[in-house]
Structures are given as structure tokens and as C-alpha cells.
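Dear colleague,

I am passing on a structure that I would be glad for you to look over. It is shown just below, and my notes on it follow.

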Amino acid sequence: MAGGHGHDSHGHAETATATPPIPEGAFLAPGNTEMTWVEKLYLPEIMKGLGNTFTHLFHKTFTVDYDGTQRDDPRKFHIPREGYRGEHYLKKDEAGHVKCVACFMCAAACPAECIHIEAEAVPADWQDRERYPKRFEIDLLRCIYCGMCEEACPVDAIALSTTYNVVADQREAKVYNREKLLHRGEELGISLTKHHYRPDGIPGHVPEKKAGGH
Ligand code: SF4
Ligand code: SF4
């Protein structure tokens, strides 16, 4: 028994475990589902809904520049939430070479198995490493944006950006190769300096500028 006093099938007295009473009104009691005649008309609720829609007709529209095409309007800067993980990019080192050393750590860490790397010996004038990625591809349609590749990389060569615009009209376009990833690194390396993470994540806010620039 769930509660109260009683005897089980073996005749032992049950311990008194008081079940808290269900608060009145927590569930609709049978027979308590009848609507009033005003509710049955539905009209008041419909009018309320229409009124709400109508007031929005006169609100000025404001679209956040989520894809970064309106950089001249700081009011519309898209400010992603801290920790947002968008599409990847590859970084370059000071010499302008791809930073990746083709260690395969990111591919090994990737739970979606969407990173494909082919390593090759570096040209003779690259003194800082033995290998670099001849081929580096990420299939973003398989990626789950977990960020494990970024975590696993020992040389900080790969990172996830904060871009929101991930639209493509062909599946092949979402397989990013080394050149594309490096190019995005150059693009985003500039745009990322403009990102100001806000703990409250309210988009459209113009971040306060610190004295002396960003
Ligand atoms: S974010 Fe996760 S799923 Fe996507 S490539 Fe990196 S490790 Fe793989
Ligand atoms: S991106 Fe980093 S973890 Fe991945 S292969 Fe290159 S160096 Fe290794």
C-alpha cells in the first residue's frame, strides 16, 4: 500500500508512511472540465490573440546582422553567447604556414569521425616540424560541433568560430578542405577581434568600448 495503516499479504503490520495529500486544484477533478459559456464562445481569446498580433504591426523591425554583412551598423552586431561553437577554421603560424602539424589528434578525438587528414613531409625550408597536412577536410554535415577537435589539438591550430550563417545549397559545399579552412581563418581572424561576448547574450547590444580601442 502506498500509505496509511494496513496489513500486507503476510499479515505484518505496515509501517505508517504518510503520503502527502495532493494539493487541491493540482489536477482537474472529473467533472471540473466544463468551460463557462464565455469560454465556449472562444471569441474573447481570439480577440486577445488578434490584438497582440495587431500591436506588432506597428513595431519597428530589427534584424540582427547574424551573418556579418552589415558591419557598418554597430547596433546590429551579432553577439553570440559565450561558449557558442560554430564552423571551424585553421590557423596559420607567423611564417604564414598552416599551423597544423598533422598529428591526427583531432581526428582521433572526433566522435563523429568527420575529420580526414593526409600527412606529408614538410618542404625543406620548414624547420619547425616534420609533417604538415597535405589534405585536411571536415565534413560539417556530420559534425556535431562538440569542440573536441579544438580541445585535442596540441598546437592550437584548429578552432571553432562563432559564425551563425551555415547555409549552403549543395551538400558538397559543407565539406571544408584545407584551403577553405585556412581562408576562413583569415576572414574570421579579423572578425573575431570584433566579437564581444556578453554573459547575458542579448544580441544587438553595442558593447562598451574600452579606452584606447577594443
Ligand atoms: S566539433 Fe566535434 S564532431 Fe565536429 S569535427 Fe570537431 S570533434 Fe568532430
Ligand atoms: S589540427 Fe591540431 S590536432 Fe588536428 S592534426 Fe593538426 S595539429 Fe593535430
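In what follows, a residue counts as near a molecule or strand if its C-beta atom, placed from the backbone, lies within 6 Å of it. By that rule there are 13 residues around ligand 2, and those that come nearest are Cys100, Cys103, Met105, Cys106 and Cys153. For the classes, Ala, Val, Leu, Ile, Met, Phe, Trp, Tyr, Cys and Pro are taken as nonpolar, Asp, Glu, Lys and Arg as charged, and the others, Gly among them, as polar. The shell around ligand 2 then divides into 13 nonpolar, no polar and no charged residues.

Please bear in mind that this is a predicted model, in which local features need pLDDT of at least 70 and side-chain atom pairs count only at pLDDT 80 or more, whereas totals for chains, interfaces and linings use all residues. Residues are numbered from 1 along each chain as its sequence is written, while chains are lettered from A and ligands numbered from 1 in the order in which they are written.

Ligand 1 is surrounded by 14 residues, of which Cys110, Cys143, Cys146, Met148 and Cys149 are the closest, and its shell holds 13 nonpolar residues, one polar residue and no charged ones.

As to the fold, the protein has five helices and five strands, where helices (H or I, at least four residues) and strands (E, at least two) are DSSP runs numbered from the N terminus; along the sequence they follow the pattern α-α-β-α-β-β-α-β-β-α.

Three of the strands form an open sheet with the order S2-S3-S5 and antiparallel pairing, two strands being paired if DSSP finds at least two bridges between them. Because S2 and S5 stand at the edges, each with a single partner strand, one side of each is left without a neighbour in the sheet. Strand S2 (residues 115-121) is joined to strand S3 (residues 131-139) by seven bridges, and in one of these pairings histidine 116 has glutamate 137 of S3 as its bridge partner. Between S3 and strand S5 (residues 175-176) there are two bridges; aspartate 139 stands opposite valine 175, and isoleucine 138 has tyrosine 176 as its bridge partner.

Finally, 14% of the 214 residues in the protein are buried, that is, 20 or more other C-beta atoms, placed from the backbone, lie within 10 Å of the residue's own.

Definitions and conventions. Buried ≥ 20, exposed ≤ 12 C-beta atoms within 10 Å, placed from the backbone.
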